[in-house]
Amino acid sequence: MRGTTRPLKLAIGTTAAAVALGIAAAGPTAAAPELAVSNADLAQRWAPIHYQDVDQTGTNALGGRSDYIAAYDFDGDLNARNNWDNTGSYSLAATAYYSVQETATHWFVTYMFFHPRDWSDSIFDTEHENDGEGVMVAVQKNGSTYGVLRGAVTVAHTNFYSYTPSGSTWGAGAETIDGTLQLATNPHDGLTHPVTAQEAKGHGLKARPGYDIVGDGVIYYPAGRAEVPEHPDDRNVAYRLVDVQASGGLWAQRANTQLFASAGTFAGDGSGSCGDGGISCTTNSANAPWGWDDGDDLPGRGALATDPAGLAANYFRIPEPLDRTYVNNPY
């Protein structure tokens, strides 16, 4: 049955993030002493409820599997050049990646959703191996454990989109506000979370309903475990969070030439059926967070993840104090 909680499906992995028991309310505009919170708990608290549109058309869709989110090492190795080929042979357990940057006044949490294929069923589009797109959420410290959500910037291919939740003090800066960041209750913890969505095939990411499920689709909920969708219209799938900065993790592997073709760019080739569903297969065409770039905006490549305070100061009009000196920035 759609939209209901059901017994646990196949789950792979757990996270140490505890679930918050209260909702942070808007507080004073200046920073206040906050209760100690781990990066894992903060990332879990603001992790998106994520709508993934699914298309089953064409052989490269693999019956919808090519639109499921997954770990970048879902196939048990760090060779990014076999991910396209292995998509149909391994379980695609729901995984997302996060990093946390902190200043005296704000937290910035960046999330990446990974797909082994960016695919097409049209001769007017290209395909490529691997796909990493995501969202950065900005949270003002206000004396509560988890602060108050002020804004978000999403990644849709080579463009960024800005959003603020209802009641936010933030307005448009150098970039326009592209819409309202909707919030919804996560049935796994009872708290409100931002709601994001990705299109099928190309996997551009916006705040819902900038993209949305059209027909079949999977709704992913942050719940500390990695479930595998039971079918392409599974509306309750738990996903786990993995720290980009974990020992041996994605950032630690940044010089691994099997995983990355160049700084911040996943390796990808044209093997297998890549290109059969579109006009061609491009190589080395997906980026990790430190490679994301909106080329016609002022902040440079990777700034959404590596200098989110600077990017937020450019994109938004922020009335409260914004300290841009990081007390934690692992990049």
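This is a predicted model: local features need pLDDT of at least 70, side-chain atom pairs count only at pLDDT 80 or more; totals for chains, interfaces and linings use all residues.
1. Two strands count as paired here if DSSP finds at least two bridges between them. Strand 2 and strand 11 (residues 192-198) meet that condition, being parallel and joined by 4 bridges.

2. The mean pLDDT of the protein chain is 92, with 89% of the residues at 70 or more. Strand 2 (residues 49-53) has the highest confidence, a mean of 99, whereas strand 1 (residues 11-14) has the lowest, a mean of 48.

3. Which parts call for caution? Over residues 1-8 the pLDDT is below 50, and this stretch has 11 contacts in the model beyond near neighbours in sequence. The pLDDT is also under 50 over residues 13-32, where the model shows 52 contacts beyond four places in sequence.

4. Of the 331 residues, 55% are buried. The accessible surface of the protein chain is about 12200 Å², and carbon and sulfur atoms account for 50% of that surface. Taking contacts between residues at least 6 apart in sequence, 66% join residues at least 24 apart.

5. Strand 13 (residues 217-222) pairs with strand 2 in the antiparallel sense, over 4 bridges.

6. How many of the residues of strand 2 are buried? The count is 5 of 5, so the strand is mostly covered, with buried meaning under 20% relative accessible area. Ile49, Tyr51 and Asp53 point one way from strand 2, while His50 and Gln52 point the other way; all are buried. In a regular strand the side chains alternate between the two faces of the sheet.

7. Ser66 sits in the loop between strand 2 and helix 2 (83-86). Is Ser66 buried or exposed? Its relative accessible area is 0%, so Ser66 counts as buried. A polar atom of the Ser66 side chain lies 2.7 Å from the backbone oxygen of Asn60. Leaving aside neighbours within four places in sequence, the residues in contact with Ser66 include Asn60, Ala61, Thr87 and His115. Arg117, Trp119 and His203 are also among them.

8. Thr257 lies in the loop between strand 15 (237-243) and strand 16. Thr257 has 58% relative accessibility and therefore counts as exposed. Not counting residues up to four places away in sequence, Thr257 touches Arg81 and Ala267. Thr257 and Leu78 are 179 residues apart in sequence, yet their C-alpha atoms are 9.5 Å apart in space.

9. An open sheet is formed by 3 strands in the order 16-17-19, with antiparallel pairing. Strand 16 (260-262) and strand 19 (286-287) are at the edges with a single partner strand each, so one side of each has no neighbour in the sheet. Strand 17 (residues 265-266) pairs with strand 19 over 2 bridges in the antiparallel sense. In that pairing, Phe266 stands opposite Ala286 in strand 19.

Terms used:
Residues are numbered from 1 along each chain as its sequence is written. Side-chain values use heavy atoms; hydrogens and water are left out. pLDDT is the predictor's confidence in each residue, from 0 to 100. Contact means heavy atoms within 4.5 Å. Buried means under 20% relative accessible area, exposed over 50%, partly exposed in between (1.4 Å probe, protein chains only). Accessible areas come from the Shrake-Rupley method with a 1.4 Å probe; for residues, only the protein chains shown count as cover. A polar contact is a pair of N or O atoms within 3.5 Å; within protein, one must be able to donate a hydrogen and the other to accept it, and residues adjacent in sequence count only if both atoms are side-chain atoms.
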